[in-house]
Amino acid sequence: MKPRVIYFIITKQCLLKCKHCHFNSSPDLEDFFPLVLIKKYLRKLKRVKSIEKIIFTGGEPFLIFPKLRNAVHDAHMLGFDVAVWTSGYFIGTKMDFSQAVRYLVDIGLNEIIISVDSLHNNTRLEPLIDDLEVESEHLGVKLTISRKHESEASRPPDFAYGGTHDPSGVILYRGRAATELNEKQQLWAPENFDICPHQDLVNPDYLWLDSKGNLLICPQIPLVNLRQVKISSFFANFDPAKHKILAPIVEGGPFELAKNNNFKLKDGYVDHCHLCSEITEKIIKKIRK
Ligand code: SF4
């Protein structure tokens, strides 16, 4: 496995409680990545040659700005390309943006990603985007705007092949979206979900790391706990065929995972992730018992 990007979920706490959130973030969720562990894992990950980029995300990383600042500095000093992903809740004017982001650019931030859409309830930022682009250029930081589209009807399953790592795009029905956004959606027979169209499960380009040290290949699927393995040998020897959840998904998608676990299927699901999340949640609960 040669991942290029690691997302550090430095807090799951957020001012918002978006219906599509993969990590079920909310104001009440108290989950913070200790700075000492961020520093430790950054150093361990540095030993993996393929990893070039660190994205600090959440939850809302700007809620813990002092820690975020230290983490950005540390990642930069280790030679990573560094990005931060935010809902931009602190931006009321272009000056709010430039004054906050300047502190991070000064210590090595290369990119800021802002989610702007109705799901994040912040379309108020739309008229500001041109100004934010000018400010970003002035500061010397790349600005990426992520827009999720809350579609009226889910797309037919075979239309899901639009590339993997697109920060914008359609909602994937995993995490909170699997339970809170599926009501009006069209459902498709489970046999359609015979591949994972969103993540390369054999050689993923990106992974997530949570505050407990869990490395995730998808927000639903833990790969390993970094406290329990030597990171470089884990990446070098990774074999999805030995992973209880990944092996069947690689073989035949979430539908194969269902068959493999004798999962009682419903008549229909919104998308691949909807079926996948319902099964993985049950398997993980069982493993943890
Ligand atoms: S939830 Fe399943 S189908 Fe969706 S991206 Fe993750 S592994 Fe793929």
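**Note on the predicted model: sheet, helix pairs and ligand shell**

1. Strand β1 (residues 5-9) runs parallel to strand β8 (residues 206-209), and four bridges join them. Strands, like helices, are DSSP runs numbered from the N terminus, with at least two residues (E) for a strand and at least four (H or I) for a helix. Two strands pair if DSSP finds at least two bridges between them. Within this pair, V5 stands opposite Y206 in β8.

2. The structure is a predicted model, in which local features need pLDDT of at least 70 and side-chain atom pairs count only at pLDDT 80 or more, while totals for chains, interfaces and linings use all residues. Residues are numbered from 1 along each chain as its sequence is written.

3. L216 in β9 is the bridge partner of W208. These two strands form a hairpin with four residues between them, and G213 in the turn has a positive phi of about 90°.

4. Strands of a sheet pair through backbone hydrogen bonds, either parallel or antiparallel.

5. Strand β2 (residues 53-57) and strand β3 (residues 81-86) form a parallel pair joined by four bridges. Here K53 stands opposite D81 in β3.

6. Helix α1 (residues 35-46) packs on helix α2 (residues 65-77) at an angle of about 15°, with the axes 10 Å apart. Axes are lines fitted to C-alpha atoms, for helices over the stretch in contact, and angles run from 0 to 180 degrees between N-to-C directions. The two helices are therefore roughly parallel to each other (an angle under 35 degrees). Their crossing is right-handed, that is, the near helix is turned clockwise from the far one by less than a right angle. L35, I38, K39 and L42 in α1 meet K67, N70, A71, D74 and A75 in α2, a contact being C-beta atoms, placed from the backbone, within 7 Å. By class, this contact has five nonpolar, one polar and three charged residues. Nonpolar covers Ala, Val, Leu, Ile, Met, Phe, Trp, Tyr, Cys and Pro; charged covers Asp, Glu, Lys and Arg; the others, Gly among them, are polar.

7. Helix α3 (residues 94-105) and helix α4 (residues 129-139) pack at about 30°, with their axes 10 Å apart. They too are therefore roughly parallel to each other, and their crossing is right-handed. K94, F97, S98, V101, R102 and V105 in α3 meet D131, L132, E135 and L139 in α4.

8. A cis peptide bond, with omega about 20°, joins G58 and G59; G59 lies in the loop between β2 and α2. N121, in the loop between β4 (111-115) and α4, has a positive phi near 55° although it is not glycine. Most residues other than glycine have a negative phi, and most peptide bonds are trans.

9. Of the 14 residues around the ligand, C196, H198, C218, C273 and C276 come nearest (a residue is near if its C-beta atom, placed from the backbone, lies within 6 Å). Helices α7 (246-260) and α8 (272-288) each give two or more residues to this shell, and α8 supplies the largest share, four residues. The shell divides into eight nonpolar, five polar and one charged.

Methods. Angles under 35 degrees count as roughly parallel, over 145 as roughly antiparallel, 65 to 115 as roughly perpendicular and the rest as oblique. Two residues are in contact if their C-beta atoms, placed from the backbone, lie within 7 Å.
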